Amino acid sequence: MIDQALRLARLHVPEQERAGFARDFARVLESFALLRELDVSGLEPLRTPSTRVDSLRDDRLEPALERERLLEIAPQAQDGFFAVPKTIGGER
Amino acid sequence: MSRATLEQALARAAALDRQLGAFASIEAQLALEIAAEHERSGRGSAELGGTTFAVKANLCWRGVETHAASAVLAGYRAPYSATAVGRALAAGATPVGVANMDEFGFGSSGENSALGPTRNPWDPRRSPGGSSSGAAAAVAAGLVDFALGSDTGGSVRQPAALCGVSGFKPSYGRVSRYGLIAFASSLDCVGVLAREVELIERALGAISGEDAHDSTALAQPPLAALAPRSLRGLRIGAPREHFEAGVDPRVAACVRAALAHCEREGAVVREVELPHTRYAVPCYYVVASAEASSNLARYDGVRYGARVDGDGTLQGMIEATRSRGFGPEARRRVALGSFVLSSGYYEAWYVHALKVRRAIARDFERAFESVDVLVGPTSPTLAFELGARTQDPLAMYAADVLTTPASLAGLPALSTPCGLVREGDVDLPVGMQWIGPTGADALVLACGAAWQRASEHHRATPPLHAAGVAS
């Protein structure tokens with residue numbers, strides 16, 4: 001269960017921290033189980049407290065952040081693009 | 001504000017902050033430039049002219065390192081300013097520095113920061129609360145006039161209470177979230193901390209309203225409209241559950257004394273019930289962690305922030321960047337969120353929690369049928385010692401029991417000081433929380449302002465305060 005959660009989250013927990021992580025993860029989940037005692041039938045999920053329809057702006061092109069500025073803060077950029085490690089042949 | 005006054009304030013802030021750790025950075029040069037520009041442009045006489053403020057490290061400030069106290073954003077200089085920051089600047093306020101916080105807002109003590117903890121100005125052995133730890137400590141110590149913070153489950157109100165200042169979380173949607181580094185999008189609110197509620201009102205007026213960059217930011221009526229100027233005739237509900245299990249009896253007694261004071265000022269106080277209060281913390285942690293796991297998916301080492309190469313593959317780089325970049329609490333929340341959203345568990349955990357959230361919101365709707373506002377303690381305890389809860393996530397989460405209900409329901413809520421409790425050799429502040437119906441931000445702030453006209457608690461200053469520092 002924890003391995004699955006970590007895999008979905010793209011996270012790795014070092015071996016020496018694993019036992020503590022698993023213990024706390026299980027304790028927190030156990031505390032969530034309090035919610036199960038409540039009968040929620042007839043209740044609609046409350047996904048957002050927003051009570052009104054979102055306000056939308058006019059649909060027209062406007063200047064946004066400049067490409068150069070955004071690439072300046074990227075860990076690695078090349079020829080006007082974000083650069084990442086080779087993806088072909090690198091799958092696991 | 002004159003250059004000399006600002007220079008003195010900056011020097012005092014730098015000196016005192018060596019003991020507090022409230023700031024991630026003090027941007028002295030930039031502050032002086034902005035203040036000079038305010039004078040040239042005439043903004044210095046706008047509604048926030050002459051005031052200084054701190055910016056919580058999760059609110060983008062153009063050109064300044066905005067890292068949300070996370071190693072994964074080390075070195076990230078925001079290419080734009082958050083709407084709230086930009087509007088505070090436009091209203092003539094001068095930003096002094098970036099305030100320390102719990103990483104991404106994940107914490108209630110300020111200790112989950114890649115920069116180290118902030119200390120409470122009332123007792124540096126204790127936590128200032130969190131996650132707006134630096135913001136609250138900076139205001140309490142007199143280093144700034146106000147601070148912009150964020151409140152997802154109590155992150156403005158709880159540190160305000162533990163540091164003896166006022167802190168306001170507006171109704172969801174009053175202030176644009178554009179440029180706020182996202183934690184949980186259905187809960188995140190930009191909030192304001194200051195000593196006096198009157199300044200919070202002014203700052204909130206300047207930063208709130210519609211924004212073309214955030215469709216959930218809605219046009220709002222002016223704050224001053226419909227706001228009563230005294231407590232006379234105000235119907236206050238005291239939620240029974242907010243004074244019960246887990247609440248330090250000294251805190252409860254202090255807030256009850258404040259309620260008695262309100263009655264003497266003409267308010268009518270009656271007990272009400274919020275029967276689903278005990279479910280608020282687990283409900284909040286399911287919903288907030290789920291949203292956090294989604295929002296934090298963006299930290300992949302590709303577009304901004306830090307990158308750790310790992311084994312050299314794309315997947316390896318992403319995993320290494322996240323694993324090294326996130327602190328322990330961030331890892332836990334993202335993993336929990338991924339779990340409750342995963343196939344087979346989504347309905348049983350996440351959707352179930354959203355239904356509990358509805359029940360919690362209905363509690364408030366029922367209560368507001370018979371009262372105007374609700375008042376109870378903000379934090380169940382006094383400021384606790386640094387290190388006391390870091391090994392036990394459930395003890396840390398319990399700090400949020402009285403603030404998460406209003407967050408889940410999207411309601412405006414304010415913490416104001418209501419007294420001091422002597423513990424050992426120190427005095428520690430207690431905060432009372434005012435909660436109003438959705439959209440009734442003006443009412444809640446008016447109540448807080450009226451309370452401060454009728455009481456002196458907000459004038460108490462901590463031992464570590466700028467007034468005592470030679471510049």
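Trainee: Is R240(B) buried, partly exposed or exposed?

Mentor: Keep in mind that this is a predicted model. R240(B) counts as partly exposed, because its relative accessible area is 30%, which falls between the 20% and 50% cut-offs.

Trainee: And which residue does R240(B) form a salt bridge with?

Mentor: The partner is E271(B), and the closest N and O atoms are 3.9 Å apart. R240(B) sits in the loop between β7 and α7 of chain B, while E271(B) belongs to strand β8, so the pair ties together parts that are 31 residues apart in sequence. E271(B) is partly exposed too, with a relative accessible area of 47%.

Trainee: How many salt bridges are there over all chains?

Mentor: A search of the whole structure finds 31. Some charged residues are linked in a network: D123(B), R125(B), R126(B), D248(B), R250(B), E423(B) and D425(B).

Trainee: What does R278(B) meet in a salt bridge?

Mentor: That would be E37(A), at 2.6 Å from N to O. R278(B) lies in the loop between β8 and α8 of chain B and E37(A) in the loop between α2 and α3 of chain A, so this pair joins two chains. R278(B) is partly exposed, at 48% relative accessibility.

Trainee: What about D24(A), buried or exposed?

Mentor: Buried, because its relative accessibility is 9% and the cut-off is under 20%. The side chain of D24(A) meets that of R23(A) in a salt bridge, 3.7 Å from N to O.

Trainee: Switching topic. Which residues touch the most other members of the largest nonpolar core?

Mentor: F104(B), F146(B), L148(B) and W434(B), in a core of 143 residues. Helix α11 of chain B, residues 346–367, gives the most to this core, with 11 residues. There is also a second, separate core of 31 residues, including L16(B) and L464(B).

Trainee: Why would nonpolar side chains be buried together?

Mentor: In soluble globular proteins, that is what they tend to do.

Trainee: Back to F104(B), what is its phi like?

Mentor: Phi is positive, about 60 degrees, although F104(B) is not a glycine. This residue lies in the loop between β3 and α4 of chain B, and F104(B) is buried, with a relative accessible area of 2%.

Trainee: Where does R10(A) lie?

Mentor: In the loop between α1 and α2 of chain A. R10(A) also has a positive phi, about 50 degrees, without being a glycine, but R10(A) is partly exposed, at 34% relative accessible area.

Trainee: Last one: how many residues of strand β2 of chain B are buried?

Mentor: Five of its five, residues 52–56. T52(B), A54(B) and K56(B) point one way, F53(B) and V55(B) the other.

Trainee: And which strands does β2(B) pair with?

Mentor: β2(B) runs parallel to β3(B), over five bridges, and is joined in parallel to β4(B) by three bridges. F53(B) stands opposite P95(B) in β3(B) and opposite F146(B) in β4(B). With helix α3 of chain B, β2(B) and β3(B) make a right-handed β-α-β unit.

Note on methods. Residues numbered from 1 in each chain as written. Chains lettered and ligands numbered in written order. Predicted model: local features only at pLDDT ≥ 70, side-chain atom pairs only at ≥ 80, totals over all residues. Heavy atoms only, no water. Core = buried A, V, L, I, M, F, W, Y, C linked by side-chain atoms within 4.5 Å. Buried < 20%, exposed > 50% of the residue type's maximum accessible area, 1.4 Å probe, protein only. Helix = DSSP H or I, 4+ residues; strand = E, 2+ residues; numbered from the N terminus. Pairing = 2+ DSSP bridges. Right-handed = clockwise from strand over helix to strand, strands pointing away. Salt bridge = Lys/Arg side-chain N within 4 Å of Asp/Glu carboxyl O.
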